[in-house]
Amino acid sequence: IVALSKAVAIHPNYALYLQALGIAYADSDENGKAVECFRACLSLECRGLTIELEEENPYFHMGWCLEDLGRLDEATQVYREGLKQVPSHYQGFLRLGQLLQSRLKFDEAIAVYESGIVSCEKHNPKALGRIVMKDIHHNLARAHRELGYEAYAPTPDEKRLDIELMCEGIR
């Protein structure tokens, strides 16, 4: 953090350094400082960053930090803005959907998951085989079930994925 802070002090308009410092703060559970760095990065229009991947997306990181800070409305807004900027960001669709689901906004979560599937099919077909896309489908079915749609009974694959995800959380 010290080295990155010095780099930002020397080059305050270099988005890559702000992004890296924000990630370092987030990794250190200093989410308030991380949010400031991500906001500064976004104010520079992320010049110098390729924000197609979750690792490089300040919207995604800032949304996550805002969630951790309990600022859920802001997190929702940041995820939505990030998805406007990078419509192929399947992790963003997943996090936004999960956030809405945790707030019992199942209809909104369903809409996010469905638009995520369509958007990723259009913009990022390689993502469709990844575990996150399976998570999106899985969470979509769970949100439907929460609303009482019996047609969305868990498939054997979803049950297996539930077990895999629970095991990952234990590790």
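## Helices α6 and α7

Let's start with a pair of neighbours: the axes of α6 and α7 cross at roughly 170 degrees and come within 8 Å. That makes α6 roughly antiparallel to α7, a label used for angles over 145 degrees. Axes here are lines fitted to C-alpha atoms, for helices over the stretch in contact, and angles run from 0 to 180 degrees between N-to-C directions.

From α6, the residues Y90, F93, L94, L96, G97, Q98, L100 and Q101 meet F106, E108, A109, V112, Y113, S115, G116, S119 and C120 of α7; contact means heavy atoms within 4.5 Å. By class, this contact has 10 nonpolar, six polar and one charged residues. Asp, Glu, Lys and Arg count as charged, Ala, Val, Leu, Ile, Met, Phe, Trp, Tyr, Cys and Pro as nonpolar, and the others, Gly among them, as polar.

## The model and the whole chain

This is a predicted model, where local features need pLDDT of at least 70 and side-chain atom pairs count only at pLDDT 80 or more, while totals for chains, interfaces and linings use all residues. Residues are numbered from 1 along each chain as its sequence is written, and side-chain values use heavy atoms, with hydrogens and water left out.

The protein chain has nine helices and zero strands. Both are DSSP runs numbered from the N terminus: helices are H or I with at least four residues, strands E with at least two. Of the 171 residues in the protein chain, 43% are buried, that is, under 20% relative accessible area (1.4 Å probe, protein chains only).

## Helices α5 and α6

Now for the other partner of this helix: α5 (residues 72–85) packs against α6 (residues 90–102) at an angle of about 150 degrees, with axes 10 Å apart. That makes α5 roughly antiparallel to α6. In this contact, L72, A75, T76, Y79, R80 and L83 of α5 meet G92, F93, R95, L96, L99 and L100 of α6. Eight nonpolar, two polar and two charged residues take part.

## The nonpolar core

Which residues have the most contacts inside the largest nonpolar core? They are M62 and I136, in a core of 39 residues. Such a core is a set of buried Ala, Val, Leu, Ile, Met, Phe, Trp, Tyr and Cys residues joined through side-chain atoms within 4.5 Å. Helix α7 gives the most to this core, with seven residues.

Not counting residues up to four places away in sequence, I136 touches Y90, F93, L94, Y113 and I117.

How values were computed: Parallel < 35°, antiparallel > 145°, perpendicular 65-115°, else oblique. Buried < 20%, exposed > 50% of the residue type's maximum accessible area, 1.4 Å probe, protein only.
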